[in-house]
Amino acid sequence: MLDPSRMLPLTVALPLLGAALLVVAGRLLPRTANDVLATAVAVTTCAALTVLWLRAGDGRVVSWAGGWRPRHGESVGIVLVGDRLGIGLALLAAVLIVAVLAYSWRYFDEPPERHRGSFPALLLLFEAGMCGFALTGDLFDAFVFFELMGVCAYALTGYRVEDSRPLHGALTFGVVNSLAAYGTLLGIGLLYARTGELGMAQIGAQLAGHHTDALLVTAFVLTVTSMLVKAAAVPFHFWLPDAHAVAPTPVCMLMSGVMVELGVYGTARIYGTVFAGPHGIPAHAYQHTMIGIGVLTALVGAVMCWQQRHLKRLLAFSTIGHTGLFLIGLGLLDPHATAGTALYVAGHAGTKAALFGLVGVLLDRHGSVDEHALHGRGRELRLAGGLFLLGGLALSGLPPFGTGLGKALAEHAAGEYAGWLTAVYVLVSAVTGGAVLRAGLRVFGGAGPAPRRSHADIETSGEGEEPEVRDPRRAVPLTMTVVPGLLLAGSLALGVLPGAGRAVAAGARAFGDRAGYLADVTGAHAALPPPPPPTAWTGSGLLLGLLSCGLAIAFAAAAVWLPAAPERALRVLRRPAGPAHRFAVVPLRRLHSGLLGDYLMWLTVGMAALLLAVGAQL
Amino acid sequence: MTLLPFLAAGWIFLVGLYGMVTSRNLVHAVGCLAVAQSSTYVLLLAVGYRRGGTAPVFADIPVGSTVVDPVVQALVLTDVVVGATVTALLLSLVIQIRKRTGTLDPEALTGLKG
């Protein structure tokens with residue numbers, strides 16, 4: 001058996017190698033051979049990460065590239081550090097890559113003749129970027145891997161170059177994310193100027209000898225902004241719905257399932273190792289800022305999610321809503337909340353990827369992802385419809401799904417910090433789950449009266465989408481329904497199997513153990529951290545899960561069947577809702593203008609606000 | 001070290017940002033992104049500068065002489081590669097947008113909103 005520290009670089013190198021092979025050999029091999037090669041590489045990476053996950057235990061696997069270890073406390077080497085949470089996220093990415101490869105097995109039936117291997121090669125490159133980002137212990141490498149996964153994601157988003165909207169979405173995505181990444185590089189430069197180190201642990205150790213001042217706050221804000229942009233935190237979130245609405249469905253599965261969550265992870269990791277020590281950014285300043293951003297993101301995501309009729313945009317905004325909850329969870333700096341959030345992320349990844357996959361079936365059948373135009377047209381897709389509704393319930397936190405358990409643990413920890421945060425968790429998961437249920441009931445069940453066709457100037461309809469396949473007469477490929485089913489089953493298993501929760505709890509303990517991280521990287525010994533938090537279902541967690549699920553069903557039922565109620569009753573309801581809609585929702589929707597300049601303006605405003613918020617709390 | 005290089009880097013970043021926010025041409029916008037990126041070169045090279053230092057190549061200078069920091073130079077090289085990749089990809093997207101829509105004005109791309 002290989003030494004774990006030697007296996008760590010393999011998890012990045014394997015997909016890179018596979019991608020290079022596919023690009024070189026792709027044009028010579030037939031399509032099936034390309035798919036087999038890509039799947040084999042992805043499965044091998046998955047296996048390597050599983051072994052690492054098992055062997056990392058409660059500690060960390062540390063690997064110095066080329067054996068350039070630190071000498072006398074100074075280092076020029078590059079380090080990879082894997083703990084349970086980092087390896088777990090990389091594993092999640094690898095599992096989703098396998099799922100996506102299986103899902104898109106027959107999806108793009110006619111790849112470009114001369115570049116047959118390009119789609120799977122891009123997927124593998126994307127995987128290498130995500131694994132590297134999750135496992136790196138070096139701040140500059142984090143930037144490089146961040147850009148690698150970014151560039152692959154931009155290219156994959158604009159993969160269908162025949163249509164102008166994917167190109168538009170990919171360009172917005174690329175410009176906003178890259179600009180933020182260059183900001184991060186400025187921040188890294190400032191940190192290097194202050195400490196002379198690039199490793200996260202080394203910078204963190206050196207900062208203890210300096211004072212918190214304007215330079216450190218600026219470096220913190222610059223470094224964290226790109227992570228928050230990737231995590232689609234409000235007001236940095238504008239690129240996400242545009243990119244998700246137009247990206248090929250398999251790419252949406254990856255971006256919503258794991259890439260966005262990597263932004264949340266990066267924020268927490270960078271704060272936790274680099275800035276959390278003495279003379280860093282004080283914990284209370286970080287907590288308040290992150291909880292503020294998280295609540296804002298969760299609420300904006302939920303409101304916007306409910307308003308959508310474009311199914312992919314609906315799911316994209318639900319991802320924003322959930323990312324807000326993840327930001328709150330990791331912003332609490334509490335092992336219980338971290339464990340819950342980690343489970344929530346994993347459960348959400350399975351659920352959201354499954355839902356996107358099922359929307360892909362609709363796109364495949366009807367060339368549309370518009371909730372209004374598809375009313376009742378999904379009736380013959382019984383299995384897909386059932387899975388879609390189940391996914392909506394799972395998204396709202398139905399026990400015993402992994403999303404439900406993660407939400408229960410995180411909202412309990414959040415409720416101990418401030419009681420009203422529990423309400424945010426319940427409300428946001430209920431509204432996003434309800435929106436999915438509403439769409440599912442209408443599209444797959446034909447429930448309620450057909451919605452009136454509106455042509456408002458503030459929304460994107462889902463009509464006129466290019467079908468991603470060429471031949472609508474063939475049956476839906478089996479993998480396109482089986483893969484979402486398996487992903488949902490995986491999400492369920494996370495909440496049912498007690499081993500999963502325990503392992504994540506141990507990972508959460510190691511994640512919060514800053515001294516242990518620093519000691520492991522520098523080769524010293526640290527005291528053992530406190531025991532891992534419990535991760536079992538509790539009575540209150542079950543009840544709150546059922547509550548948000550019930551609310552989701554109620555919201556969906558009201559939206560679907562209320563329009564059939566007598567006109568007099570409706571008028572009573574509309575009277576208070578009208579002004580709220582006109583003065584709050586419509587302006588909010590108008591902010592999502594699709595214009596690049598506006599989004600960059602918001603990026604600047606957000607950075608300035610972050611600077612002021614953190615600076616004012618010192 | 002003086003504050004000047006840091007201020008210059010900040011200025012270049014903001015100028016690039018301003019250009020992107022007000023841009024009416026996508027090629028111009030991607031160019032402004034490259035301008036914003038070049039602020040990172042200025043900042044990194046300024047961080048590694050040593051007064052009286054020479055290039056960190058020890059082929060023809062005695063060991064122990066003052067040189068500028070080679071680490072930041074490696075960083076800038078990597079940064080250049082990353083920037084070239086991003087700019088090339090974005091420009092190719094812009095070319096495709098021009099082919100499909102016939103326009104380069106970002107304000108004319110209104111397919112995604114709400």
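Q: Among contacts in chain B between residues at least 6 apart in sequence, what share join residues at least 24 apart?
A: That share is 54%, where a contact means two C-beta atoms, placed from the backbone, within 7 Å. Keep in mind this is a predicted model: local features need pLDDT of at least 70, side-chain atom pairs count only at pLDDT 80 or more, and totals for chains, interfaces and linings use all residues. Residues are numbered from 1 along each chain as its sequence is written, with chains lettered from A and ligands numbered from 1 in the order in which they are written.

Q: OK, and how many helices and strands in chain B?
A: Three helices and zero strands, counting DSSP runs of H or I with at least four residues as helices and E runs of at least two as strands, numbered from the N terminus.

Q: Is chain B compact or spread out?
A: Chain B is more spread out than a compact globule, because its radius of gyration is 19 Å, well over the 13 Å that the globule rule gives for 114 residues. That radius is over C-alpha atoms, and the rule is 2.2 Å times the number of residues to the power 0.38. The C-alpha trace of chain B spans about 60 × 30 × 20 Å along its principal axes.
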